[in-house]
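I opened my notebook to look up a few residues, one entry at a time. Come along and follow with the viewer open.

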Amino acid sequence: EPPADFICPITTELMSDPVMAADGHSYERTAIERWLATKSTSPMTGGALVQSFLAPNHTLRRQIREWEEANAC
């Protein structure tokens, strides 16, 4: 089982392109982009997102890749 932080809260699947949203949580890029296309709230908190900017989470991506290699995924 992958660590919980590696799982997208929207798709509940292992992330391959994690991005950080304005709510401070990381999501799979395509999942949060689809979410933000119709909503302006955080999937995690339900609170309003003041901006829709998504920042690549390079550290999390590296950690996921290292975990995948170590676990032969």
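**Notebook entries**

I began with Thr 12, which lies in the segment before strand E1 (18–20). I kept in mind that this is a predicted model. The phi of Thr 12 is positive, about 60°, although this residue is not a glycine. Is Thr 12 buried or exposed? I found that Thr 12 is exposed, because its relative accessible area of 59% is over the 50% cut-off.

Next I turned to aromatic rings. A pair of such rings is described by the distance of the centres and the angle of the planes. I searched the whole structure and found one aromatic pair. Phe 6 and Trp 67 form this pair, with 6.4 Å from centre to centre and 80° between the planes. I noted the pair as edge-to-face, because its angle is over 60 degrees. Phe 6 lies in the segment before E1 and Trp 67 in helix H2 (residues 58–70), so the pair ties together parts that are 61 residues apart in sequence. I looked up accessibility too: Phe 6 counts as buried at 9%, and Trp 67 counts as buried at 18%.

Then I checked another ring. What sits over the ring of Trp 35? I found the charged end of Lys 39 there, 4.4 Å from the ring centre.

My last entry is Asn 57, in the loop between strand E3 (55–56) and H2. Asn 57 has a relative accessible area of 14%, so I wrote it down as buried. Leaving out residues up to four places away in sequence, I listed what Asn 57 touches: Pro 18, Val 19, Met 20 and Ser 26.

Notes
Residues numbered from 1 in each chain as written. Predicted model: local features only at pLDDT ≥ 70, side-chain atom pairs only at ≥ 80, totals over all residues. Heavy atoms only, no water. Helix = DSSP H or I, 4+ residues; strand = E, 2+ residues; numbered from the N terminus. Buried < 20%, exposed > 50% of the residue type's maximum accessible area, 1.4 Å probe, protein only. Phe/Tyr/Trp six-rings, centres within 6.5 Å; stacked < 30°, edge-to-face > 60°. Lys NZ or Arg CZ within 6 Å of the ring centre and 35° of its normal. Contact = heavy atoms within 4.5 Å.
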